[in-house]
Amino acid sequence: MSFSRRLFLQSAAALAVLPKVAWASGRDLVAQTAMQQIAPDGYPETPVWSYGGAVPGSEIRLPQGARLQRRLVNNLPQSTTVHWHGIRIDNAMDGVPGLTQDVVAPGEDFTYDFVVPDAGTYWYHAHNRSVEQVARGLYGPLIVEEADASDVDHDLTLMLDDWRLDPETAHIVDDFDNGHDQSHAGRFGNLVSVNGRFDPSYPVQSRDRLRLRLINASNARIYDLALDGLTGWIVALDGMPLDTPMAVGESFPLAPAQRADLIVDVQAESGAIANLVSREREGGFGLVRFTVSGRTAKASRSGIIPLPPNPLPQMVLDDAPLYRMTLQGGAMRWLESAQLGKTELSGRELAQLGRFWALNGHAERPSEPFLDAQQGSAHRIEFVNETAFPHAMHLHGHHFRLILSDGSLGPWRDTVLVERGQTRQIALVADNPGDWLLHCHMLGHAASGMMSWFRVT
Ligand code: C2O
Ligand code: CU
């Protein structure tokens with residue numbers, strides 16, 4: 001049977017009057033495979049997992065207080081969920097399989113729908129088998145705009161990641177459950193990317209002022225960031241504005257999942273190159289180049305105005321109880337024993353099951369919450385790192401304040417770096433009802449034992 005031209009025209013005309021429903025895909029977040037040039041030109045493309053066909057996934061940008069709606073469509077060969085990192089979110093939208101929702105199986109979908117209360121730099125990423133899914137590229141930036149944009153010439157989001165690529169094929173090495181990585185510092189890559197590309201460069205003018213929104217999407221790498229040809233201030237950490245911006249000194253650390261918003265002025269002259277670099281014991285490496293041409297005609301701005309504060313809870317610590325969370329295990333401090341469910345297993349038995357770490361003696365998310373808090377109550381949590389490695393401890397659904405060594409309250413954060421052997425206290429107002437995860441954001445550590453949770457009712 002042939003499809004006549006007349007019939008074709010008719011049906012095309014009929015289609016044209018149909019409302020665009022299923023096609024309105026602006027609100028879809030499609031988890032899908034893709035090919036991307038991650039390694040330098042001349043290397044093959046890398047097969048990645050992505051939101052919408054590119055890593056990072058498309059930038060979601062919306063005004064403070066707006067409602068975000070995205071239908072996650074899972075076109076991957078593995079179940080997945082999306083976590084909206086750093087958003088003080090409605091618990092049902094937090095994206096944690098087995099705690100706040102079921103996994104979204106291949107071919108299925110799930111609609112996320114929530115309000116973003118705070119302005120700042122956030123990100124979204126997969127939260128099922130994160131050790132694999134984030135390493136394959138399932139992450140993207142989530143930018144919540146202040147009512148008045150900051151006075152800058154460029155507002156740039158820079159998502160840092162490192163990839164473990166086979167140098168021949170540029171394929172991701174798929175040893176995600178590698179026990180050596182998991183029991184040590186975690187999975188490190190051999191190629192660092194910014195916004196999914198190796199060594200990107202951005203054109204600027206001398207004396208430009210830039211806002212740099214830095215997001216560390218790496219599984220385990222802690223960057224030690226420094227500026228070259230730029231002077232700058234940290235104006236926000238983990239999305240939350242600092243009351244007093246901090247001048248960037250020699251360098252500052254950015255642990256997995258952490259963000260830092262910088263305001264920087266381009267000092268380098270036309271023809272030069274300014275750099276964002278990460279320092280390492282053996283020198284370090286460049287992350288981003290800013291190629292300077294010309295000089296802005298605008299008068300250079302002096303001084304830094306803090307960002308407007310977010311509607312965070314009042315912190316009254318008077319007799320807030322102290323809860324201790326001990327970080328245990330890993331290479332060189334191997335667990336003697338820890339609990340899996342209700343059974344106490346020896347360190348050797350745990351290692352055979354791929355569990356190398358424990359939080360307060362539990363080598364997986366325990367059945368009882370670490371902290372059962374009344375809504376609105378204040379708590380101190382003390383992280384005691386007995387291990388030989390640093391850990392980036394992250395609380396879901398809340399920001400907390402660091403308690404500084406002199407007892408005063410430091411910046412608001414959602415992820416705190418606890419160095420080896422260090423003890424760090426935080427102060428938390430448990431004001432968001434629900435069951436919330438608390439874990440190490442070195443994703444291999446989370447997968448091999450460093451996982452807990454707290455309840456707010
Ligand atoms: Cu960004 Cu539970 O994590
Ligand atoms: Cu860790």
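## Second largest cavity

Strand β5 gives the largest share of the lining of the second largest cavity, 3 residues. Strands here are DSSP runs of E, at least two residues, numbered from the N terminus. This is a predicted model: local features need pLDDT of at least 70, side-chain atom pairs count only at pLDDT 80 or more, and totals for chains, interfaces and linings use all residues. Residues are numbered from 1 along each chain as its sequence is written, ligands are numbered from 1 in the order in which they are written, and side-chain values use heavy atoms, without hydrogens and water.

The cavity holds about 40 Å³ of space. Its lining has 13 residues, and Gly-86, Ile-87, Leu-395, His-396 and Gly-397 are the closest to its centre. Two elements give two or more residues to this lining: β5 (82-85) and β26 (391-395). By class the lining has 3 nonpolar, 8 polar and 2 charged residues. Ala, Val, Leu, Ile, Met, Phe, Trp, Tyr, Cys and Pro count as nonpolar, Asp, Glu, Lys and Arg as charged, and the others, Gly among them, as polar.

## Largest cavity

The whole structure has 2 cavities of 30 Å³ or more. A cavity is a set of points on a 1 Å grid over the protein atoms alone where a 1.4 Å probe fits but cannot get out; lining residues have an atom within 4 Å of a point. Volume is the space filled by probe spheres set on the points, which are joined across faces, edges and corners.

The largest cavity holds about 60 Å³. Its lining is Ala-135, Asp-162, Trp-163, Arg-164, Ile-172, Arg-187, Phe-188, Gly-189 and Asn-219. That divides into 4 nonpolar, 2 polar and 3 charged residues.

## Nonpolar cores

The largest nonpolar core has 68 residues. Such a core joins buried Ala, Val, Leu, Ile, Met, Phe, Trp, Tyr and Cys residues through side-chain atoms within 4.5 Å. Buried means under 20% relative accessible area (1.4 Å probe, protein chains only). Tyr-51, Trp-84, Phe-114, Leu-142, Phe-383, Met-393 and Leu-395 have the most contacts inside this core. Strand β30 (residues 423-430) gives the most to it, 5 residues. A second, separate core of 31 residues includes Val-194, Leu-212, Leu-242 and Phe-252.

Beyond four places in sequence, Trp-84 is in contact with residues including Leu-29, Ile-60, Arg-70, Phe-114 and Leu-142. Contact means heavy atoms within 4.5 Å.

Cys-440 and His-445 are both buried.

Notes:
Buried < 20%, exposed > 50% of the residue type's maximum accessible area, 1.4 Å probe, protein only. Helix = DSSP H or I, 4+ residues; strand = E, 2+ residues; numbered from the N terminus. 1 Å grid on protein atoms, 1.4 Å probe; cavity = no way out; pocket = protein on both sides within 12 Å on 5 of 7 lines; lining within 4 Å.
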